[in-house]
Amino acid sequence: MTLNSTRYILRETIHSMKRNPWLSIASVLTVMVSLVILGFSVFFLVNASNMAKSFEDQLEIAAFVEESTTKSELQALQTHIKGMPGVASVTIVTKEQVLTDFGKTMGGTENNILADLGGKNPFSDELTIKATDAQNVIALADAVDALPEVYKVRYGQGFVDKLLVFTQWLRWIGLGVVAAFAIAAVVLISINVKMNVFSRRREIQIMKLVGASNSFVRWPFLIEGLALGFVGGALAAVIVGMGYNWIAMNVQSTLTFLPIVQNVTLFQQVLVGLLLTGMGMGALGSGISLQKFLKT
Amino acid sequence: MIQLKNVSKIYPNGAKALIDVNLTIGKGDFVFLVGPSGAGKSTLIKLFYRDEIPTRGQVHINSKNLIRMKEREVPYLRRTIGVIFQDFKLLPNKTVLENVAFALEVIGVSRKEIQLRTRATLELVGLANKEKSYPHELSGGEQQRVCVARAIINNPALLVADEPTGNLDPETAWGIMDLLYNINKRGTTVVMATHARAIVNKMQKRVIAIENGRVARDEIKGGYGYDA
């Protein structure tokens, strides 16, 4: 590419945007609106997934150990379960601790509670087990239940499977929303570029006729697409950035129990991603739409 | 310059535009293509600058094989061929100067050279005083002169014209013919498809008649040969 060509291409790009200001504005707005929606859907997905994870993280298995088990056997059992696949952590809760906790909830001290219960601690030692993946909770609970030292497990049977189905759906819906809007954005942009190319088909025809190379015809459109995509992406990043902060602030002050993701790195990544996606969509849309016109 | 061997062109809709055409046009020739509308003249002309590719047969322009030519070589072929149309095909939002300069800009000629050559070419076609005008401010004849200027600014070896006088009154048409005559005198091969009987009869150049996609007549100093 010679200097003359480069100068011509840049001049032509600006010229074209000036000549069709409304089409340029329409393209920028299309990119912006699509990316704003896309950006919010990404944050929705992140939050939905985070919410699902925080629900799942609260899942744990309580395994009740046979009364005859000694303290050292209990520790051996803890080590054994820790070694099982899919186990994140195992904590011992001795029956004395359980009694204390129970006493606290009943509003008495350990001793008079013990007295009230006839001097005998009715509780058994417990192990609190967390799974690495919430999806494994049920299988893991069954495996632990099968151990001879364990006489019972509790993990919120009947509730867990429903919760897992719900969180899975939450993720799928989030992903679906993102995908739908990404496709819509690409379609809208390619329509815009097609209109742009169509409005200049005569010019392209003459360029081809007097011997302009394909790349020469393509460059101004590609640069225009990149520029429009960049502006649209930048506007979208600003709107999404400010909008998300605003929503996060309001949600946290009113619905305090909802875990809102506020990860600065992720935040920056999404905004830069929007900018790049805008440019990419602009350039790609131009390229695809031009292909048809460049065929001789 | 131009050599066609057993060329047939059948469009995807089944229309047979050209059937087994054999043709040789030498360097520096001036050739009229005549024949009824739809006989295949435009298709024949489009083969020369590879706007169409024949279904069968061989086309050589300037001893280049257009059938085997790669897509990316086509722009370089076109830089050696000037094309003139009945409807001028000017860009409405560019001035006369810009329209002519366009042909040089898109092939990467320097600004200084564009200035020089554009001015000289506009001078040649007699439009030096109209360079700042827009196409819609010009008469039909003037617009066609702009189109001619754009076609010859690259000093093409071949100039093809598809009914260049079709939209012009007889007097204006003669002005364009003078121009083409002079361009031909400088050594450029000119092929012109036309329905202008008076022009063909008066100029006494080679006449090739196309009828139903075949060469029906080829005379060195021919006349139009059809009743008006």
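B:Glu131 has a relative accessible area of 13%, so it counts as buried (buried means under 20% relative accessible area, exposed over 50%, and partly exposed in between, with a 1.4 Å probe and protein chains only). Its side chain meets that of B:Lys132 in a salt bridge, at 3.9 Å from N to O (a salt bridge is a side-chain nitrogen of Lys or Arg within 4 Å of a carboxyl oxygen of Asp or Glu).

A few ground rules before going on. This is a predicted model, where local features need pLDDT of at least 70 and side-chain atom pairs count only at pLDDT 80 or more, while totals for chains, interfaces and linings use all residues; side-chain values use heavy atoms, with hydrogens and water left out. Residues are numbered from 1 along each chain as its sequence is written, and chains are lettered from A and ligands numbered from 1 in the order in which they are written.

## Other salt bridges

Over all chains, the salt bridge count comes to 12. One of them pairs B:Lys130 with B:Glu142 at 3.4 Å, N to O. This pair links distant parts of the chain: B:Lys130 is in the loop between α4 (111-124) and α5 (140-152) of chain B, and B:Glu142 is in helix α5 of chain B, 12 residues apart. Helices here are DSSP runs of H or I with at least four residues, strands are runs of E with at least two, and both are numbered from the N terminus. B:Lys130 is partly exposed, at 24% relative accessibility.

B:Glu219 and B:Arg217 also form a salt bridge, with their closest N and O atoms 3.0 Å apart. Both ends count as partly exposed: B:Glu219 at 31% and B:Arg217 at 21%. Over in chain A, salt bridges that share partners tie A:Lys71, A:Glu96 and A:Asp125 into one network.

## Where the chains meet

The contact (heavy atoms within 4.5 Å) draws 27 residues from chain B and 21 residues from chain A. Together the two chains bury about 2100 Å², 55% of it on carbon and sulfur atoms; that area is the accessible area (1.4 Å probe) lost when the two parts are put together, summed over both. Between chain B and chain A there are 0 salt bridges.

Polar contacts do turn up there: 3 residue pairs, both residues at pLDDT 80 or more. A polar contact is a pair of N or O atoms within 3.5 Å; within protein, one must be able to donate a hydrogen and the other to accept it, and residues adjacent in sequence count only if both atoms are side-chain atoms. On chain B's side, the elements giving two or more residues are α2 (74-78), β6 (81-85) and α3 (96-105). Of these, α3(B) gives the most, with 3 residues.

## Helix α6 and some positive phi values

Helix α6 of chain B covers residues 170-185. Its buried residues include B:Ala173, B:Ile176, B:Met177 and B:Leu180. Just after α6(B), B:Gly187 takes a positive phi of about 115°.

Most residues other than glycine have a negative phi. B:Asp20 has a positive one, near 50°; this residue lies in strand β2 (residues 16-25) of chain B and is partly exposed at 44% relative accessibility. B:Asn212, not a glycine either, has a positive phi of about 50°. B:Asn212 sits in the loop between β9 (206-211) and β10 (214-219) of chain B, and is exposed at 66% relative accessibility.

Key: The expected span of a helix is 1.5 Å times one less than its number of residues.
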